[in-house]
Amino acid sequence: MALSAVLDASKASLYLSLASITFNPTAWNIVARNEYHNKTITRIFGGNAYLGCYFLTVCIFGAGIFRDHLYLSALLEQPRAPLLPAPFDALVPMVLFILGQTFVVTSTWALGITGTFLGDYFGILMDHRVEGFPFNVLRDPMYVGSTMCFAATALWYERPVGLLVTLYVYVVYVIALKFEGPFTDMIYSTRSTPAKKSLKEL
């Protein structure tokens, strides 16, 4: 099968979708690090870290919806080709989407709003590490769940290019985690250091 049969590189919607997929984790990592060092958003909200975090939550959530809209719009402009035989063409994407959404929703439930949407960069730290579901199954269930939903959408609409975009999503998330994970660990280790020092002083 020729590449042109599954990919229409002339559609601007495809590049807009890729740009939004790249923008989201990149922008939020930059904004969050700036917040940790400079408290820019917190100062805008009069020193209230919670209001600042809720504002960023709305921005992240809104940008995520817009990213998904761009992705779907891009898929619908791409060539269609059967990817799975019946009834798996419906069953597989449904199961993938349900599992993906389960990971995303339960992650948010377990972490709470501030735990999910970068509250630790605002100085809103959790008391302990979340170890229940879905974190006892996956290290990064929200990113994995999101990637599964991208794949499910591609399979449901039978757009092979969507699977290539899903692979790109995975790569972007892996790169983002290379920066996000160690920085978050640093935040919590910094908090625990004074406590350890005070215990030694006793």
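Let me start with a term: a contact here means heavy atoms within 4.5 Å. With that in hand, in the protein chain 82% of the contacts with a separation of 6 or more are accounted for by residues 24 or more positions apart.

Quick word on where this comes from. It's a predicted model, where local features need pLDDT of at least 70, side-chain atom pairs count only at pLDDT 80 or more, and totals for chains, interfaces and linings use all residues. Residues are numbered from 1 along each chain as its sequence is written, and side-chain values use heavy atoms, with hydrogens and water left out.

Okay, the fold. The protein chain has six helices and zero strands, taking helices as DSSP runs of H or I with at least four residues, strands as E runs with at least two, numbered from the N terminus. The C-alpha trace spans about 70 × 35 × 25 Å along its principal axes.

Now the surface. Accessible area is Shrake-Rupley with a 1.4 Å probe, and for the protein chain that gives about 11700 Å², 69% of it on carbon and sulfur atoms. Of the 202 residues, 37% are buried, and buried means under 20% relative accessible area, exposed over 50%, partly exposed in between, counting protein chains only.

L167 is exposed, at 52% relative accessible area. L167 also belongs to a nonpolar surface patch with Y170, V171, V174, I175 and F179, and together they have about 560 Å² of accessible area.

Conventions. Buried < 20%, exposed > 50% of the residue type's maximum accessible area, 1.4 Å probe, protein only. Patch = residues over 30% accessible without salt bridge, like charges linked within 9 Å, V, L, I, M, F, W, Y side chains within 5 Å. Salt bridge = Lys/Arg side-chain N within 4 Å of Asp/Glu carboxyl O.
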